[in-house]
Amino acid sequence: MTYAQVAVYGFSDKVGLLSFPQREDAFEMSKPYSSETGAIIDSEVREWVAKAYDSTVKLIEEHKEQVARIAELLLEKEVLHQDDLVRVLGERPFKSSEPTNYDRFKRGFEQDDKESKETAKGGTLDDDGSSPLEPEVVPA
């Protein structure tokens, strides 16, 4: 991904707004740039990865307690869900003005559960006013 950011998408100030996409042709042996440019790309990628690594280590050190609690949860559950992370980390410090796809996904299941419970109790009606669990009565 980092190579793509540097060499394909032009995100690097050192390489500039140039794009060197990978060719689909596997038999193409030459690169569209010089060995000097290749060395600059490699250097930039190494620098970015090192910065990301350092930043990650710093975050882990700053949040040791939360990381330890998440590790404990993983030992118990194998899979963590958003609710587990909210319990450990708390709510996000910022909220999106629109619901996320996960919010929509979760709300859909909650609505399905609610509808199935109401239907089981006979509490909802079809469009024609009859209960979905009772047969429709047709006048003779």
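Trainee: Why are Arg 87 and Asp 84 of helix H4 separated by about one helical turn?

Mentor: Because they are three residues apart in that helix. Helices here are DSSP runs (H or I, at least four residues; strands are E, at least two), numbered from the N terminus. The model is predicted, so local features need pLDDT of at least 70 and side-chain atom pairs pLDDT 80 or more, while totals for chains, interfaces and linings use all residues. Residues are numbered from 1 along each chain as its sequence is written, and side-chain values use heavy atoms, without hydrogens or water.

Trainee: What do the side chains of Arg 87 and Asp 84 meet in?

Mentor: Side chains of opposite charge can pair when their charged atoms come close. A salt bridge is a side-chain nitrogen of Lys or Arg within 4 Å of a carboxyl oxygen of Asp or Glu. Arg 87 and Asp 84 form one, with N to O at 2.8 Å.

Trainee: Is Asp 84 buried or exposed?

Mentor: Buried means under 20% relative accessible area, exposed over 50%, partly exposed in between (1.4 Å probe, protein chains only). Asp 84 has 4% and is buried, whereas Arg 87, at 57%, is exposed.

Trainee: Which residues do salt bridges with shared partners join into one network?

Mentor: Lys 14, Glu 44, Glu 47 and Lys 51.
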